[in-house]
Amino acid sequence: MTVPLRPAWLALAEHARSLRNRHLRDLFGRDPERFERFSLQHRGLLIDFSKQRLNHETTTLLHQLAEQADWRGWQKRMRAGEAINHTEQRAVRHVELRAGDAAPAEVKDVLGRMAAFCEAIHSGTWRGFSGERITDVVNLGIGGSDLGPRMVVHALSACQQPDLRVHFVSNLDGADLASTLAGLNPRRTLFIVASKTFSTLETMANARTARAWLLATANDEGAVTRHFVAASTNLAATSAFGIAPANVFEFWDWVGGRFSLWSAIGLPIALAIGFRHFTQLLAGAHDLDQHFFAAPARENLPLTLALIALWNTNFLDAHSHGVFPYSHSLTLLPAHLQQLEMESNGKRANRDGQAVDYETNPILWGAAGTNGQHSFFQLLHQGGALVASDFIALARSDYPLPGHHSDLLANCLAQSSALAFGQTVEEARSAGIPEHLLAFRRFPGNQPSTTILLPELTPFTLGQLLALYEHKVFCLGVLWNLNSFDQWGVELGKQMAGRLATCIRGEATTAELDASTRGLIAHLQQSRS
């Protein structure tokens, strides 16, 4: 048995037996000060976890578990630059990317070059091969080189630089790139190739096609230097592609892809919102970093989120976690968090290489409110599955149209309340519901949720929010005894795809493949011919 046999884990398992069937109605009824007891604040950021199915004994045992897992010790190892990503022998130092004056010299150097480049694009001193200003930027990347920057650019659209549009292409499907290029002028388009090794299959396929698209108009290989830059460490490959060394922005092997938006991978963010706003994004993350490293356990926001997630996953058997931002600007946040959480902790081998026999990361999914209310919320209310949720809302709107935001907030609070408390048959009857419909108007409730309120959506508060979730992931890795910073499952898929591509092209035999894959390839080849 590889379950973390720490005393607190066993005590939590016993405690869960007595609390599993308690209803949130009862928990609130017994404690009128429950909100005050189970909410935390930091610089205007509020986390209300009073609607989680826990009590004081639960939190006491959870904090004992964190101490027994040595979460402070792992914090110190990370900050000291130890190779806590032990399967790849890499340090985990992404917090140093946003450390301000305390950042390493090489980080400051790249940030300075990014600032100068943004100024050249925004001022118009950087021109395309025909002498025209750059009006469109296309980021070519995938995974962490796409999801994080794409999400931030969309989230901070209220800060968008005038006269510059930033686009993102990630999919190997030609429809992604072709539909983007269809509306662009090659004379005014700049491409960012975001690939640490400059060898990522999807990214390089798109980059080569974009290069050919440019040269079909420019008819001069030298034009590549005016229309392509890179976030990469492979100077030989970028040079062979035609990108000048001065236009390659470095980041390092201690920057994991899903933690990389704070690095040169964030260049499209800086171009979209301006470098001053980009530094505010870094400052917000740094503020939350300092809180995480210094705050006591019971006041520590990321640790609290991690402990709640562990409680729901391992002791209440909630295998699904919804993230519902009641902000259209944060529509892409669930997609970013899917990679951040599931790629980090969706693992079945612990740090010692032993197969675990306990659940690790739940399936994370979500969508922006209020849209989700009109699609999948029906299942949350009456479907029978236990689903934990995060509701995220802004006190003040980034687009304050009269009559919109108060109703949006009302919907957010109504949904979390309805999920928690439901509606009994007696309540439905007293509301005048006909007897033959009572069974359909009963809502069990008791669905746990946390509500996160930001004062407003700015680069600083978005930085806080993203760092909050990053440190939650780190804590969960410690609690589950996992390496949160490798992703071997992703690598397996890449290897298999490379092999199958030659089979699909008819360059290799399919004899050693499984029957299903052989049959599918045969059908595809017949259809393509």
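Which residues does H405 touch, not counting residues up to four places away in sequence?

## H405 and its surroundings

Leaving out residues up to four places away in sequence, H405 touches L394, A395, R396 and S397, where contact means heavy atoms within 4.5 Å. H405 is found in helix α17, which covers residues 405–421, and helices here are DSSP runs of H or I with at least four residues, numbered from the N terminus. Because its relative accessibility is 15%, H405 counts as buried; buried means under 20% relative accessible area, exposed over 50%, and partly exposed in between, with a 1.4 Å probe and protein chains only.

## Basis of the model

This is a predicted model, in which local features need pLDDT of at least 70 and side-chain atom pairs count only at pLDDT 80 or more, while totals for chains, interfaces and linings use all residues. Residues are numbered from 1 along each chain as its sequence is written, and side-chain values use heavy atoms, with hydrogens and water left out.

## Helix α1

Helix α1 runs over residues 7–19, and at 1.5 Å a residue its 13 residues should span 18 Å, which agrees with the 18 Å between its end C-alpha atoms; the expected span is 1.5 Å times one less than the number of residues. The buried residues of α1 are A8, W9, L12, H15, A16 and L19. Seen down the axis of α1, these buried residues fall within an arc of 120°, so they line one face of the helix, the arc being that of the directions from the helix axis to the C-beta atoms.

An α-helix has 3.6 residues a turn, so residues three or four places apart point the same way. On the other side of α1, P7, R17 and S18 are exposed. The cover over the buried residues of α1 includes α2 (24–30), α4 (56–68), α14 (301–315) and α19 (459–480).

## Helix α19 and its partners

The axes of α19 and of helix α5, residues 71–79, come within 10 Å and cross at roughly 120°, with axes being lines fitted to C-alpha atoms over the stretch in contact and angles running from 0 to 180 degrees between N-to-C directions. The two helices α5 and α19 are therefore oblique to each other. On the α5 side, W71, W74, Q75 and M78 make the contact, and on the α19 side F474, C475 and V478 do.

L462 is also found in α19, and at 0% relative accessibility L462 counts as buried. Leaving aside neighbours within four places in sequence, L462 is in contact with V152, A155, L156, L281, L330 and L457. L462 and L156 are 306 residues apart in sequence, yet 8.5 Å apart in space, C-alpha to C-alpha.

Terms used: Angles under 35 degrees count as roughly parallel, over 145 as roughly antiparallel, 65 to 115 as roughly perpendicular and the rest as oblique.
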